[in-house]
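Reader: I am new to this structure and would like to understand the words used for it. Could you show it to me and take my questions one by one?

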Amino acid sequence: MAGQKRSHDGMNVDQQPSNSSPFVPMFETFRTELDEHHDRRERVIKVSRDVTAQSKKIIFALQRVREINRPIHASISKTITPMYNTIRELLQSVVPDLQSINANRYRGNISGGIQEFMEAVLFQHYLEQRTVMRFDDAQRQLPDGIVLTYEDYALGVFDMTGELMRFAITYLATNGQLPGVSGGDDAAEGSGGGSILADLQVLRSELEKLDASGSYGLNKDFATKMKTTRASVEKVENGVYSMIVRGKERPKGWRPDLGEDKDRERPEVESY
């Protein structure tokens, strides 16, 4: 007896699938909603990555600043302004995807980019005004429709302390004093209330007072961020300590000893 001819999906060629089931349209709706969800999620993740990349470029450019508490040099401002514009355009493009319930649904996907952007914004604000930007002012840096959470703002402040440490160490190694110190007997010590070290110590003290137990987004990273912040402040303190001990008799090529890479061979410096 000859077999029946079947199509690739296993149905008889002369048998048509029945569309009488009430569940087929329902599952087609589910499929459409899932496809839209994955498309939105991919768009948000891509924007977050692009914002992170642009923010890192801004931070890198800001590390070229050589004075604090004054406007950014025109050459650096010219470099970073297009990057800020790009970031705001990227964030604006996903505003429709982050409305209503989706603001919470995709919060974890956009959070990384917003934190990096906050780090760049806060770092520039400190270099220009030597203060930490307030939360309300930080919110205004984002396009309308993008919500800044307290967790993203706080984690951006944590990350900014690392950039302040790098800036302080570079300045200390280059100029023999901390930024914010005008000179004189205390210039090398950087112990006055006007130094970046004093600001870092105040930041560390205030961050240690935070109670992160009520926020999952902050609590999960709080211990690690706090440990890194303490280490950053200690590196600047050790750099200043080394500067005080060595005084103005630094040999050519000397840099503050930050206690890193102890097992590596250090290049010899010029003897006295």
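This is a predicted model: local features need pLDDT of at least 70, side-chain atom pairs count only at pLDDT 80 or more; totals for chains, interfaces and linings use all residues.

Reader: Which residues in helix 1 meet which residues in helix 4?

Author: Residues are numbered from 1 along each chain as its sequence is written, and side-chain values use heavy atoms, with hydrogens and water left out. Contact means heavy atoms within 4.5 Å. On the helix 1 side the residues are Arg41, Val44, Ile45, Val47, Ser48, Val51, Thr52, Ser55, Lys56, Ile58, Ile59 and Leu62. They meet Asn109, Ile110, Gly112, Gly113, Glu116, Phe117, Glu119, Ala120, Phe123, Gln124 and Leu127 in helix 4.

Reader: Why are helix 1 and helix 4 called roughly parallel?

Author: Angles under 35 degrees count as roughly parallel, over 145 as roughly antiparallel, 65 to 115 as roughly perpendicular and the rest as oblique. The axes of helix 1 (residues 23-62) and helix 4 (residues 107-129) cross at roughly 20° and come within 7 Å. Helix 1 and helix 4 are therefore roughly parallel.

Reader: What makes helix 1 roughly antiparallel to helix 2?

Author: Helix 1 and helix 2 (residues 74-93) pack at about 165°, with axes 9 Å apart. That angle makes the two roughly antiparallel. Among the residues in contact are Val47 and Leu62 of helix 1, and Ile76 and Ser93 of helix 2.

Reader: Why is the pair of Phe135 and Tyr153 called edge-to-face?

Author: Rings of Phe, Tyr and Trp (its six-membered ring) pair if their centres lie within 6.5 Å; planes under 30 degrees apart count as stacked, over 60 as edge-to-face and the rest as tilted. The centres of the Phe135 and Tyr153 rings are 5.5 Å apart and their planes are at 85°, so this pair is edge-to-face. Phe135 belongs to helix 5 (residues 135-139) and Tyr153 to helix 6, so the pair ties together parts 18 residues apart in sequence.

Reader: How many aromatic pairs does this rule give?

Author: The count comes to seven. One of them is Phe123 with Phe167, edge-to-face at 6.5 Å centre to centre and 75° between the planes. Here Phe123 sits in helix 4 and Phe167 in helix 6 (residues 150-175), 44 residues apart.

Reader: Is Phe123 buried or exposed, and what about Phe167?

Author: Buried means under 20% relative accessible area, exposed over 50%, and partly exposed in between (1.4 Å probe, protein chains only). Phe123 has 0%, so Phe123 is buried. Phe167 has 1%, so Phe167 is buried.

How values were computed
Axes are lines fitted to C-alpha atoms, for helices over the stretch in contact, and angles run from 0 to 180 degrees between N-to-C directions. Helices (H or I, at least four residues) and strands (E, at least two) are DSSP runs, numbered from the N terminus.
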